[in-house]
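Subject: Structure handover

Hello,

Here is the structure for your files. My notes on it follow below.

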Amino acid sequence: MGTDELTVFTARKVITMNRSWPYATAIATKNGRIMEVGTLETLKPWLESHPHRINDQFADKVVAPGFIDPHLHPSMAAVLLPMRFITATRWELPWETVQPVTTPVDFFRRLHELHGEQAPDEPLFTWGYHQLWHGPMNRTLLNAVSVDRPIIVWHRSFHELYMNDGAMAWLGITANETEGKQQIDFAAGRFYENGLAYAIVKLNPYILSNERYRDGLRRLVEVAHHGGHTTLGDMAVGLFNFDMEWQGTKDVLDDVNTPFRTVLVPSAASVASIQGGHDQALTFMDGLAERGTERLLFPKHVKLFTDGAFFSQLAQLKEPGYIDGHLGEWLVAPEQFIDIARRYWNAGYMIHVHCTGDLGLELALDALDTLQWERPRFDHRYTIEHFGFSTPEQVARIAALGASVSANVYYVHELSAIYAQQGIGYERAHQMARVGSCVRAGIRTAIHSDFTMAPASPLNNAWVASTRKNMDGDIVCPEESLTLDQALAAITIEAAYVLGMEDEIGSLRAGKSADFTVLDTDPYAVGGEGLKDIDVAATVFKGTPYLIND
């Protein structure tokens, strides 16, 4: 129920991301909307005309537009967060700090420890394995830890996992059943890319069980709040099973205590596999808007895929490819991609395309070129997601075709050093996520976490985009850095644009949703180098403050 009373939030500084009105010290709100941004002096016409109260709890803080992660996976996070992490990098989670494990010996030592700690009748799930740090992985190595207990080692990329004999028996997976299925190595217990989808169907009754899945979502809420988010883009709804995910999503993410909205973008491939094809998927998606709520939104967007996982080195690359000569993987046959994209393009959907390699990107751009020739669309918001490897010429082509970019810049931090040595060489490894070129070309460019592929911390990702500093402390390809303004825009107004919500969120001005992120430190006082060390004190979602309890 509405009220005539205004709430005026005061701050040491308000960063609006509105170029024509960049700074302020007070924001007047009513019923979840911004009435005016300015100072207590400039707000007087409102204050003299309406009952109001001054909220000065953030008077010594810095207020920014609510942070937006336009590509994050709540369902994936809900499945992974209850698992035990064994990762090559340090992970700061609200409930624990995970120390890095960077050698094969230490990986298996930790796996043995977790096996010893786990209740005898419980399967052991771990997440974070990566072959470049942790060495080879297969069913035989896992059987050496235990043959009987189900052990599932989920790859850092999420796009593949490994099982021991105990897990195969637990799930009823046999050689006969998997014979002829793509991207499954039964002997190694490896299920990757499309083969992962087969394994997930087997795992769903456990990983999506009511309490486990809801516990994972509650952990995701805690993580997202600590990161300062007020909007998340779920960029693959139905990743596991739409119906099984939906009830838990409603129960947790649509709760009044959840301090953010989620923009839900269905995965065309996942929905089509359940609905019986892309024509049926399109009909299903057309009806999703009716399910929308204040916190769960179903805009007319869809997610498509071209090539394999970046962290698995399964991205499809143009010449000269990988140093060792191995090839990437397609997630859809290239000759089928255009037909799938055409269905959604012609139906008026905003299309988001997962592209990690420059050959995968080429396929996505070829499709856009064809679709624009067949049926031109203005303001189509065709967005390249992840944007791992690219060429300067492809950046120019993205600009010419009017596409947008939502990049995972964390690749630069975690992977540039090791991929230079074991993957693709220095030149291309250092030019991952060439977001500086995108901004210079006039491409609307956001950055995301793809959580759990990167920490769900917009300020940390903005720090990577600004500094291009990797795990070894080296600055890689500073020519692709963003300025501080550009980095902040990439987690606010540019991220809003990618989600098609720039009129509603992403900056602070009259008429927009009253979504703020409250910071202890002014980003302009510490510059790009200091972004990752800024503490988030609170968020305000639609005018309601939510304090962060450390």
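How do the residues of the lining of the largest cavity divide into nonpolar, polar and charged? They divide into 6 nonpolar, 2 polar and 2 charged. In these classes, Ala, Val, Leu, Ile, Met, Phe, Trp, Tyr, Cys and Pro count as nonpolar, Asp, Glu, Lys and Arg as charged, and the others, Gly among them, as polar.

Before the rest, some notes on the source. This is a predicted model, in which local features need pLDDT of at least 70 and side-chain atom pairs count only at pLDDT 80 or more, while totals for chains, interfaces and linings use all residues. Residues are numbered from 1 along each chain as its sequence is written, and side-chain values use heavy atoms, with hydrogens and water left out.

Cavities

Both cavities and pockets come from a 1 Å grid over the protein atoms alone: a cavity is a set of points where a 1.4 Å probe fits but cannot get out, and a pocket is an open set with protein on both sides within 12 Å along at least five of seven lines. Lining residues have an atom within 4 Å of a point. Grid points are joined across faces, edges and corners, and a volume is the space filled by probe spheres set on the points.

By this rule there are 4 cavities of 30 Å³ or more. The largest cavity holds about 50 Å³ of space, and its lining is P74, S75, Y213, D234, V237, F242, E245, W246, T249 and L264. At least two lining residues each come from α2 (74-80), β15 (229-237) and α10 (242-253), with α10 supplying the largest share, 4 residues. Helices (H or I, at least four residues) and strands (E, at least two) are DSSP runs, numbered from the N terminus.

The second largest cavity has a volume of about 50 Å³. Around it are I15, M17, A64, P65, F67, L488, T492, L519 and P523, which divide into 8 nonpolar, 1 polar and no charged.

The largest pocket has a volume of about 1100 Å³. It is lined by 47 residues, and E193, N194, A197, A269 and S270 are the closest to its centre. Elements that each supply at least two lining residues are α8 (194-207), α11 (268-275), β18 (301-305) and α13; the largest share, 6 residues, is from α8. By class, this lining has 26 nonpolar, 18 polar and 3 charged residues.

The second largest pocket has a volume of about 920 Å³. Of its 32 lining residues, E92, P455, S457, N460 and K532 lie nearest its centre. Two or more residues of this lining come from each of β8 (91-93), α9 (210-226), α16 (410-421), α19 (458-467) and β24 (536-541). The most, 4 residues, come from α19. The lining divides into 18 nonpolar, 7 polar and 7 charged residues.

A helix pair

α13 also takes part in a helix pair. The axes of α12 (residues 278-286) and α13 (residues 334-346) come within 11 Å and cross at roughly 30°. Axes are lines fitted to C-alpha atoms, for helices over the stretch in contact, and angles run from 0 to 180 degrees between N-to-C directions. The two helices are therefore roughly parallel to each other (angles under 35 degrees). On the α12 side the contact (heavy atoms within 4.5 Å) is made by H278, D279, A281, L282 and M285, and on the α13 side by I340, R343 and Y344. By class, this contact has 5 nonpolar, 1 polar and 2 charged residues.

Regards

Key. Angles under 35 degrees count as roughly parallel, over 145 as roughly antiparallel, 65 to 115 as roughly perpendicular and the rest as oblique.
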